[in-house]
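Biologist: I am new to this structure. Could you show me how to read its strands and its chain contacts?

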Amino acid sequence: MTQLLLIAIKTYSESVNNIGDIVGYFPDSWVFSPKEIEFFDIVKVAESKEDIQSKIPIIKSLTKAATTEWTDQEPEGKAVWQGEDKQYRDIVTNPKYKLCLDKGVIKETYSKTLDNTATITTLSTLGSK
Amino acid sequence: MAERAVIVDPDNGAGTDYTSLSAAEAAEQTIGADLVTDTDNMVFNCRASSSTDDTTVVDFAGWTTSSAYDIEINGNQTTGVWSSSIYTLSLTTIGVLLTLSSQYITATNLQLSLSDNDWGATIAILMSTNNCKVISNIIRYTGSGSNRVGIRNLVSSTIETNVLYGFDDMAILNTGYSGSTSTVFNNIIADCNIGVSRGGDQTVTAVNNVCCNNTDDYNGTFSTFTNNASDQGAGEGTSGIDISATWDSTCFTDTDGLGPDWSIQDVDSPLYDVGTATGQPTTDITGYTWVTDDIGAFAWQTSGGGVTIPIMSHHFTKNIGAR
């Protein structure tokens, strides 16, 4: 069992977070402070800490060469996240909290922003890890 | 103007406001995120009354601050040597441990630990907004993963008197945009792939740093690069200090097995009084005010007070000349 500390009505802030965002996850034995109990929702889930961590998407910095000729220009770079389908997608808006509890299921939050849903084409070797 | 101070203690000891820094950040932001309008200074004082680590990642995003109304994140390290009994922000998987996404945040006297064995980009401190400071922290990586970075700086910032070690990639990576200006002063970096790196287009001043046992101590072009020590060849940059022959047990000890100690043991240390006072931080990683122009994160601390004969002799030689 793991305890999730979730954004609640008292800690909701438009454009910063969403209700249900996971602020932290703690052992079943963790004792929260009175302020935490006041400001957050605390939910127990069956998943272990490792199970929860495994749901955080892999983030990578990718680069794209401007030319195949020798140049002093820096290659174009971008940050991407990898979804469960192994596709890499642009990170246009970085969510403050990477996971949320949505209808009892722990999910990543990158896809909640439409800006972050465009897939990009990469070399096939990228998807191997 | 008021100071809003809260206590973060994972052990929930007497007086605790929050048991994690991430909870403190989120809740206090709801109480008042616009410190300028409220004319407040926000202070997060972190401790661990029974030595439990804080294992939550934190992103300080969504605050309105200024140079007058800022945020301090204060740990309780005071020795510059790793301790298992004080507050530690710890990450055992991939990710970014502490992100500074709002301006005018100072992170000081913290211990930050990365220890995963995984694959994927992982960073101890990500500085993504201007005018933040990372001062007097101990930052380490003890796992066997790849692509681990201590401090990744994308903006104008100050990085001073920190100790960083064990990063398989880079300890301090500056990759800011053109026009951003950063200072990297009096840090000690060891056992990394690259010590201090400057990429991108930003202006980086690197002064009084000490790098040792890294694959590459300094990488890239710095706008100002003086009084930095390296154990690779004859020193690097202006007034570079060659510590390849003098880097020995007198300045690198680990007597308790908890962590290396790079404090200056005596006036014979190669780090003693070989730096420049220009831009030198006021105090070292232990809070001690510099007397001599030592390099690295530690000032030489005279134990008995007063000026000893070896120090007088050293000053005579340095400032007047050998006879």
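Biologist: In which sense do strands β4 and β5 of chain A pair?

Modeller: This is a predicted model. In it, β4 (residues 58-64) and β5 (residues 76-82) of chain A pair in the antiparallel sense, over seven bridges. Take one bridge: A:Ser61 has A:Ala79 in β5(A) as its partner.

Biologist: How many bridges join β5(A) and β6(A)?

Modeller: Three, again antiparallel, with β6 of chain A covering residues 88-90. Here A:Trp81 faces A:Arg89 of β6(A). The two strands make a hairpin with five residues between them. In its turn, A:Lys86 has a positive phi of about 70°.

Biologist: Where do side chains point in a strand?

Modeller: In a regular strand they alternate between the two faces of the sheet.

Biologist: What is the strand order in the sheet of chain B?

Modeller: β1-β2-β4-β7-β10-β13-β16-β19-β22. That is an open sheet of nine strands with parallel pairing. β1 (2-8) and β22 (224-226) of chain B are at the edges; each has a single partner strand, so one side of each lacks a neighbour in the sheet. Neighbouring strands are turned by 10° against each other on average, direction ignored.

Biologist: Which strands of the sheet does α1(B) touch?

Modeller: β1 and β2 of chain B. The direction of α1(B) makes about 150° with that of β1(B). β1(B) and β2(B) (residues 40-46) are joined by seven bridges. One of their bridge pairs is B:Ile7 with B:Asn45.

Biologist: How many residues of chain B are in contact with chain A?

Modeller: 21, against 24 residues of chain A. Helix α1 (residues 21-31) of chain B gives the largest share of the chain B side, six residues. That side divides into seven nonpolar, twelve polar and two charged residues.

Note on methods: Residues are numbered from 1 along each chain as its sequence is written. Chains are lettered from A and ligands numbered from 1 in the order in which they are written. This is a predicted model: local features need pLDDT of at least 70, side-chain atom pairs count only at pLDDT 80 or more; totals for chains, interfaces and linings use all residues. Two residues are in contact if their C-beta atoms, placed from the backbone, lie within 7 Å. Helices (H or I, at least four residues) and strands (E, at least two) are DSSP runs, numbered from the N terminus. Ala, Val, Leu, Ile, Met, Phe, Trp, Tyr, Cys and Pro count as nonpolar, Asp, Glu, Lys and Arg as charged, and the others, Gly among them, as polar. Two strands pair if DSSP finds at least two bridges between them. Axes are lines fitted to C-alpha atoms, for helices over the stretch in contact, and angles run from 0 to 180 degrees between N-to-C directions.
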